[in-house]
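The report below goes through one chain, from its overall contacts to a handful of individual residues. Please keep the sequence and the coordinates at hand while reading.

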Amino acid sequence: MTKQHQANTSQRLPPVSLAWLTWGLLASLYFVGFFQRVAPAVMVDELMRDFSIAATLLGNLSAIYFYTYAAMQIPSGLLADAVGPRRVGTAAAVVAAIGIVLFAQADSLWMASLGRGLIGASVAVAFVACMKLAGHWFPANRFATVTGVSLLIGNLGGVLAGVPLSEAVASVGWRSAMMASAGVTLVLAACVWLWV
C-alpha cells in the first residue's frame, strides 16, 4: 500500500473516539450474548425448582441457546452484509430482549426453551456485526486490536454472569434479574438504532 493510499484511507475514517463509541455499542450486544450464555449456570437450583425438571432437562434448556447460536453463524454474516450492522444489531437486541422476557416469565419448560432459543439466535449476530463495523471504522492495522477488545468485552459479560448475577438472583430472584437484563438490552437496542 502506498503512502498516498494510506493517507487517503485515514482521511476517510472517523475520529478514533467516535469509532470506539460506535463500535462499542455493538460490542455491548456481544457482552449481552456472553452474559446470557453463562446465566443459567448460576440459577441451576431455581430453574430446576420452578420448572420441576432434573439436571438432564436443565442441560437441554441451556443447550438450546447454543443450537440456535450455531445455526445463525452463516445467516448472521449474510444479514450483516445485506442490511448493515445498525439494522441487524438493533433487530438482534430487540429479539434478544423478547427472548429474555419469555424466559423470565415462562411458566412452562417449552416457553423457557423458546426464550433461550431466541436469545441464542439473536446474539449470534453480535460478533459478526462488530467485525463488520470494525472493518469500516478502523484502519486495517487496528483490526487485530479491535478483535481482541471484542473478545475481552464478551468474556466480561461471562464474568458478570458469575458472582454478580448470583448475588442478584439471591437478592431479587432469577426472574427479576432476567427482566432487568431484558430492560438493559432494550435500551441497548435503542442506542444502536440512534447512534450506529
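Among the contacts in the chain with a separation of 6 or more, 82% are accounted for by residues 24 or more positions apart, where contact means heavy atoms within 4.5 Å. This is a predicted model, in which local features need pLDDT of at least 70 and side-chain atom pairs count only at pLDDT 80 or more, while totals for chains, interfaces and linings use all residues. Residues are numbered from 1 along each chain as its sequence is written, and side-chain values use heavy atoms, with hydrogens and water left out.

The secondary structure comprises 10 helices and 0 strands, and the pattern along the sequence reads α-α-α-α-α-α-α-α-α-α; helices (H or I, at least four residues) and strands (E, at least two) are DSSP runs, numbered from the N terminus. For 196 residues, a compact globule would have a radius of gyration near 16 Å, and the 18 Å of the chain agrees with this; the radius is taken over C-alpha atoms, and the globule rule is 2.2 Å times the number of residues to the power 0.38. Along the principal axes, the C-alpha atoms fill a box of roughly 65 × 30 × 25 Å.

Of the 196 residues, 42% are buried, a class defined as under 20% relative accessible area, with exposed meaning over 50% and partly exposed in between (1.4 Å probe, protein chains only). The 10 positive and 6 negative charges have mean positions that are 23 Å apart; here Lys and Arg count as positive and Asp and Glu as negative, with His and the chain ends not counted, and a charge is placed at NZ of Lys, CZ of Arg, CG of Asp or CD of Glu.

| Residue | Relative accessible area | Class |
|---|---|---|
| S122 | 6% | buried |
| T147 | 18% | buried |
| G173 | 25% | partly exposed |
| S52 | 66% | exposed |
| A140 | 70% | exposed |

S122 belongs to helix α6 (residues 109-123), and a polar atom of the S122 side chain lies 2.9 Å from the backbone oxygen of L118. Leaving aside neighbours within four places in sequence, S122 is in contact with A92, V95 and A96. T147 has its place in helix α8 (residues 143-160) and, not counting residues up to four places away in sequence, touches F127 and M131.

Loop positions come next. S52 is located in the loop between α3 (44-50) and α4 (55-71), and S52 has a positive phi of about 50° although this residue is not a glycine. A140 sits in the loop between α7 (125-137) and α8; the C-alpha atoms of A140 and S76, 64 residues apart in sequence, are 22 Å apart in space. G173 is found in the loop between α9 (163-172) and α10 (174-195), and the C-alpha atoms of G173 and L156, which are 17 residues apart along the chain, are separated by 22 Å.

Conventions. Polar contact = N/O pair within 3.5 Å; in protein donor to acceptor, adjacent residues only side chain to side chain.
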